[in-house]
Amino acid sequence: HDPRLLSMLGDLRKNLKTIDAGTAVLKMNLYSDRVFVLTPENLVKELPVGATPIDFAYAVHSDVGHHCHLAKVNSNVVPLDYELKNGDIIEIITFPKVNTKLSWLGFAKTKHARNRIKNYFRTLDKDTLFDQGKEEMNILLEKLKLEKLDESLTFLKTYKGRSTSAKE
């Protein structure tokens, strides 16, 4: 065991680590408009800067996107509009009864995700769309501690009447 050989091997290891780190920084700078994130299985997904878990879910598979219920980034639950960062490990929790939300268009950054969301809504009939919109409206009304929509949409009719009479 020659001490000079061991010293040279140690120096070589340090230099390789420095070169690897420099290469990684160079790649990150070359792709400053992209983020590189990982699946829990360590597969890399390339997304634009500003991408969200919704973009990631649709990049994995349309069904994952359509039934996205919850997102975990680095094992922490995050909102679906969370902005992903380089090196994040993303896990998407799906639920069969959860379906695509129109509001996701407000924060989906990739053309792929936006197209999948739009296509999903094109396939639905008007009654289904109406029911989904009513459900989302009731969730908002409940948060505001207001009366929910009934079958004849009474609240909207009376609210419209209130807002017009307030202007007079």
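**Helix packing, sheet and local features of the predicted model**

At 38% relative accessibility, Asn 74 counts as partly exposed, the class between buried (under 20% relative accessible area) and exposed (over 50%), computed with a 1.4 Å probe on protein chains only. The model is predicted, so local features require a pLDDT of at least 70 and side-chain atom pairs a pLDDT of 80 or more, whereas totals for chains, interfaces and linings use all residues. Residues are numbered from 1 along each chain as its sequence is written, and side-chain values use heavy atoms, with hydrogens and water left out.

Asn 74 is located in the loop between S3 and S4. Its phi is near 50°, a positive value in a residue other than glycine. A positive phi is also found at Lys 145, where the angle is near 60°. Lys 145 belongs to the loop between helix H5 (126-143) and helix H6 (154-167), and with 76% relative accessibility it counts as exposed. Most residues other than glycine have a negative phi.

The protein chain contains six helices and five strands, taken as DSSP runs numbered from the N terminus (helices: H or I, at least four residues; strands: E, at least two). From the N terminus on, the order of elements is α-β-β-α-α-β-β-β-α-α-α. Of the 168 residues in the protein chain, 25% are buried. Among contacts (heavy atoms within 4.5 Å) with a separation of 6 or more, 50% join residues 24 or more positions apart.

An open sheet is formed by three strands in the order S4-S3-S5, with antiparallel pairing; strands pair if DSSP finds at least two bridges between them. Strand S4 (76-78) and strand S5 (90-94) are the edge strands, each pairing on one side only. Neighbouring strands of the sheet are turned against each other by 35° on average, direction ignored. Strand S3 (residues 68-73) is joined to S4 by three bridges in the antiparallel sense. Lys 72 has Val 77 of S4 as its bridge partner.

Helix H2 lies across S3, S4 and S5 and runs at about 80° to S5. Axes are lines fitted to C-alpha atoms, for helices over the stretch in contact, and angles run from 0 to 180 degrees between N-to-C directions. H2 is mostly covered, with six of its eight residues buried: Pro 53, Ile 54, Asp 55, Phe 56, Ala 57 and Tyr 58.

H2 (residues 53-60) also packs against helix H4 (residues 111-123): the two axes come within 8 Å and cross at roughly 80°. H2 is therefore roughly perpendicular to H4, the class for 65 to 115 degrees (under 35 roughly parallel, over 145 roughly antiparallel, the rest oblique). H2 contributes Ile 54, Asp 55, Tyr 58 and Ala 59 to the contact, and H4 contributes His 112, Ala 113, Arg 116 and Ile 117.

Thr 110, in the loop between S5 and H4, counts as buried at 12% relative accessibility. Leaving aside residues up to four places away in sequence, Thr 110 touches Leu 47, Pro 48 and Asp 55.

One aromatic pair is found in a search of the whole structure. The ring centres of Tyr 120 and Phe 121 are 5.1 Å apart and their planes lie at 90°, so the pair is edge-to-face. Rings of Phe, Tyr and Trp (its six-membered ring) pair if their centres lie within 6.5 Å; planes under 30 degrees apart count as stacked, over 60 as edge-to-face and the rest as tilted. Tyr 120 counts as buried at 13% relative accessibility, and Phe 121 counts as buried at 12%.
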